[in-house]
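I wanted to write down each place and where in the chain it falls.

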Amino acid sequence: MNNLFADRMNNVHKSFIREILKVTEDPDIISFAGGLPNPRSFPVKEIGGAVSEVLSENGEEILQYSTTEGYRPLREYIAQRYLKKGLKVDADEILITNGSQQGIDLIGKVFLNKGDKVLIENPTYLAAIQSFGLFEPEFKSVPLLEDGADMDALKKILDEDKIKLFYSVTNFQNPTGITYSKDERKI
Ligand SMILES: Cc1ncc(COP(=O)(O)O)c(C=O)c1O
């Protein structure tokens, strides 16, 4: 039966995240491994209110098929938000995805050939490894220091290897929680 699967699945391991989250089904276990937010912090009432407002005001439009880029008023709102923070982006440059993994999957599809080198931080977000892994890249890693990636190691890797893309989580990195300093960001 195994040979029914596409060759690219041979290098795909079990989802680490799925394994970590499995234990959370047991109410007797409080797991700190999955990074679950405190459910008491969820704005359930506010989201309920927003959903019902949107459905009553734009219900037919919202439930209809739309462009693949996503709902234009939302893309315009996001572009405006970036503009306020000083980043000049246009709504046409915004693509709505269903979470980070769809974004990573799209980037993998568009940019990665089998064997391309993808640089990741060590350690990094498990789901990113899983999502990039489907495109059969060769992973290289750069160690993390307290204020970001080890720049000496990074320069060495970039000099020696033909890196296709670098996946870095610059704010509240997962799993270390570190945030890159201003200097590290500039480099
Ligand atoms: C670095 C990073 N990206 C993305 C996510 C999750 O994003 P999403 O739920 O949008 O896929 C997490 C969740 O812990 C994360 O740590």
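This is a predicted model: local features need pLDDT of at least 70, side-chain atom pairs count only at pLDDT 80 or more; totals for chains, interfaces and linings use all residues.

Residues are numbered from 1 along each chain as its sequence is written.

**Peptide bonds**

As background, I wrote that most residues other than glycine have a negative phi, and most peptide bonds are trans.

I looked up the bond joining asparagine 122 and proline 123, and I found it to be cis, with omega about 5°. Proline 123 sits in the loop between strand E1 (117–122) and helix H5 (126–133), where helices (H or I, at least four residues) and strands (E, at least two) are DSSP runs numbered from the N terminus.

I then turned to the bond from asparagine 174 to proline 175, which is also cis, with omega near 10°. Proline 175 belongs to the loop between strand E4 (163–167) and helix H7 (182–186).

**Positive phi**

Glutamate 136 is not a glycine, yet I read a positive phi of about 50° for it, and I placed it in the loop between H5 and strand E2 (138–145).

Phenylalanine 172, not a glycine either, has a positive phi of about 45°, and this residue lies in the loop between E4 and H7.

**Surroundings**

Is phenylalanine 172 buried or exposed? I recorded it as exposed, because 9 other C-beta atoms lie within 10 Å; the cut-offs are 20 or more for buried, 12 or fewer for exposed and in between for partly exposed, counting other C-beta atoms within 10 Å of the residue's own, with C-beta atoms placed from the backbone.
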